[in-house]
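I opened this entry to keep track of what I looked up, one topic at a time. The sequence and structure come first, and my notes follow.

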Amino acid sequence: MNALYLAFAYLRYHWARSLVMVLVVGLILFVPLATQILLSTSERTLTARADATPLILGAKGSQLDLTMAALYFSEERPEPLPMAEAEAVWDSGLGTPIPVHTAFSSGGFRIVGTTLDYFDFRDLTISDGRGLAVLGEAVIGANVARALERGVGDALVSAPENLFDLDGVYPLEMPIVGVLAPTNTADDDAVFVDIKTAWVIQGIGHGHEDVVTASEVAAGLDVTANAAIVEYQRITPDNIDSFHFHGAENEFPATAVIVVPYDTRSGTILRGRYLDPEGRTQLVEPAGVVGGLVDRIFRIKTLLDVVTAVIAVAALAAVGLAVFLSYRLRAGEIATAVKIGARRGMVLRLLASETVTLLLLSGLIALAGAALVARNAEAWVGWLLALGT
Amino acid sequence: MARLLAVLATMLFAAGAAAAPDRPRVVAVNYALAYIAERLLGDAAEVVYPVPDGTDPSFWRPSIADISAIQSADLILLNGAGFATWTAKVSLPRSKLVDTSRGLADRLIATETVTHSHGDGGEHSHEGTASYTWLDPEIALRQAQAVANALKARGLEDEGRVDDRLALLAADLAALDAAADEALGALSTTVFVATHPRYQYLARAYGLTILSLEWEAGAAPTGDELAELRQLVAERGAEVLIWEAEPPEGARAAIAELGLQDAVFPPLAVEPPAADFVAAFAAGIEAIAAAASRAESG
Amino acid sequence: MVKVADLGFSYPGGDFRLRVPALTLDDGERLAIVGPSGSGKTTLLNLIAGIFRPNTGRIDIAGTDVAALPDAARRRFRASTIGFVFQDFALLDYLTARQNILYPYRIAPGLRLDAAARARAEALAEASGIADKLDRHPEALSQGEQQRVAICRALVTEPKLVLSDEATGNLDPESKTRILDLLFARAEEAGASVLAVTHDHELLPKFDRVLDFAEFRQGRPA
């Protein structure tokens, strides 16, 4: 007890030095812990979603881009494929195709145009409001609702993009009709609309009136808080009848089509159908693609571990030196203590108490940090995945 | 032990009985498809035609509650061919949708082109499609086959029973076709006028000439509308007017004054009064054939 | 109080040798030891305190032959019987004055930090005029105040003997006198003898007896 008492007195008196040591050691312990937690969570998250998504149909190109776009709504823009491909899957009778259209965003979140089948497939439940019903409506993920502080009754406006270089295509204001219950997946960060609504944003479908004008925006009707948007369109009961689509739906684009085969055999047959090297489409298995990605992440992690180990050795050597120097500085105290009658063991215990206290505090800090990381890992990993892609 | 099993069995039976009212629901966007579905399903599922009485299903706009009820159906039968434009503006589960005219693109009839412009986008055109496909019994049969396939694929009714019922329906439609051939086949010289453009497929199937007006449904014709009809009589030699439904008092007399015969042929997008699809179709054929013969004998 | 007889000591491997044929210190007596640097004065203090062990001879303190005690017992004896005052005060910078005074209780075996010990510390500080500075760290105290704290620390365990090694060496002349008076006063209150090594000849008259260490000085062995 006395040794601890003195150790505390010493550490408190030299608080700045103690703090630096505690933080340095804490960091050395924390970094590998945190990376381990984040990596295993990423692996779990990535793998879980990939495993839950049997097949993805997309245009030929990077399988990773396609997978990231279809699973995590990343900013990759794989070449779109025509809806006829989804219809072909229907006609095959081998699986359910679920198109996703992820070319647009709103408030920094992806607008995911899809069909109602997606909600059933992902088992998404509405926590507030209702599901999609009418063209132009949006159902938002839990994180979107929290981040944008929007809910049922509010509206979102698609970010203006000149992707397709179409004149006269204005951003679309979409009423929020529902908020999804959180799932800790990319679905929490998505703005879901009917794929037909996505086509309206793209300019394939449009109405014949009612672009909200600059003067209305100036009058305070702006819901975007984005000065760059001066005009946008809005689908209302009054103008919905004038909305129409140009061309055949079969030619309308989707970013990817999630394919859920009815059974293993159907999956095998389907995969066989898209093996043609001359074909313009590919059918990928997300589990395999993500497995490769995870392998790569873990190879990088091994490197990271080595770096961490080297840094840890260096830092521990520095800490050891600091401790040793402080022992040297206290030679006088030790001599005094011995003269007064302290055992040699007492002196050692005193110094050990200090070192152990330091390590304990560092460990606590590292553990607290690790606990914080662990608790938020899923959210942060979701964010990292969205960010890094 | 035996008693426990008996109790369990009773409970299971009770649960099964309680679940029985939960019959599958099939939604059809028009009466023709609802009729086909009912014929094919028997009691195996509840067939719902969601459009309220007195509303033209082509122009119906469902409420959110209607949409929600339709979304939760087990199967949603669309007519395609541009019928029921609301279906393009509503979110429906693609896995439940069946477009019954899919694969019949080559049999569809294009209507005149509408050209318009909006904003600074310049002019562009919309090509329309005639929607009342089922008025050609052959197309109706193809649509029935599509419905039958969907019912079987989704296991809403036993395949054998569906096939049996489809055979019966096909026979009825074939009989209808034969009767129409017989009654209308020789009327290629008669000029018909319809109060609405509904009969394109009927006309093509039996070589009829059916001009069309755009009269206010269910109302007595106005002076302008009658003038338009008079012009058709003078310029095109129109002889028989086809009503969609029994016209209001006095309207018939106004037609007769123009020297026209008239007949009622319900286009069967909504349920006709006091008859089913086949019977109403047959009656319509007879009615216009009779009107044509009255016009001949003048 | 202290009886030294036939004491002989040399550092292992060194050629310094100390020989003290006889030295006595009575109860309550105040003895000053003077002598040139390197004559072995501090070595003698360390021998009496039991920090070093003599090669030959006896050191009786309050009837105990310190030289004959085993290590642990010697330390316990030292902690309970002897108080130390050092030239450089040897205060710990990270402890307050009060914690410094009570430091022996934190490190020495056999000493219990109880209410009586705390009360003694307060009383000593009060008598030494530093009662209002007990919560300060040494850096916030003057040198004189620091040495008062050191004296309080030496006496708080109620030693029978106070060993002082140039306790006034670093102080200005005025302070030297005051500190020595203070040490004597506190020792007298406690009934402790004082054995002080000093260079300050002007202070010698205050002692009961002065021992010139040159008497014991043994040069290199013949």
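**Confidence**

I began with chain C of this predicted model, where the mean pLDDT (the predictor's confidence in each residue, from 0 to 100) is 86 and 96% of the residues score at least 70. For the model I noted an ipTM of 0.82 and a pTM of 0.67.

I also noted the conventions: residues are numbered from 1 along each chain as its sequence is written, while chains are lettered from A and ligands numbered from 1 in the order in which they are written. Because this is a predicted model, local features need pLDDT of at least 70 and side-chain atom pairs count only at pLDDT 80 or more, whereas totals for chains, interfaces and linings use all residues.

**The sheet of chain C**

I then traced an open sheet of five strands in chain C, with the order S6-S7-S8-S3-S9 and parallel pairing (two strands pair if DSSP finds at least two bridges between them). Strand S6 (82-85) and strand S9 (209-212) of chain C are at the edges with a single partner strand each, so one side of each is left without a neighbour in the sheet. From one strand to the next the twist averages 20° (axes are lines fitted to C-alpha atoms, for helices over the stretch in contact, and angles run from 0 to 180 degrees between N-to-C directions). Looking at one pair, I found that strand S3 (residues 30-34) of chain C is joined to S9(C) in the parallel sense over four bridges, and that C:Val34 has C:Asp212 as its bridge partner in S9(C).

Helix H7 (residues 173-190) of chain C packs on this sheet, where it touches S3, S6, S7 and strand S8 (193-197) of chain C, and its direction makes about 155° with that of S8(C). Helix H6 (residues 143-155) of chain C lies across S6 and strand S7 (161-165) of chain C, running at about 165° to S6(C).

**Helix against helix**

How far apart are the axes of H6(C) and H7(C)? They are 11 Å apart, and the helices pack at an angle of about 20°; H6(C) and H7(C) are therefore roughly parallel to each other (angles under 35 degrees count as roughly parallel, over 145 as roughly antiparallel, 65 to 115 as roughly perpendicular and the rest as oblique). Among the residues that meet are C:Ile151 and C:Leu155 in H6(C), with C:Ile179 and C:Leu182 among those in H7(C) (residues are in contact if their C-beta atoms, placed from the backbone, lie within 7 Å).

In chain B I found an open sheet of four strands, ordered S2-S1-S3-S4 with parallel pairing. Its edge strands are strand S2 (46-48) and strand S4 (97-99) of chain B, each pairing on one side only. Strand S3 (residues 75-78) of chain B is joined to S4(B) by three bridges, and B:Leu77 has B:Val98 as its bridge partner in S4(B).

Last, I looked between chains: 17 residues of chain A are in contact with 17 residues of chain C.

Conventions. Helices (H or I, at least four residues) and strands (E, at least two) are DSSP runs, numbered from the N terminus. Two residues are in contact if their C-beta atoms, placed from the backbone, lie within 7 Å.
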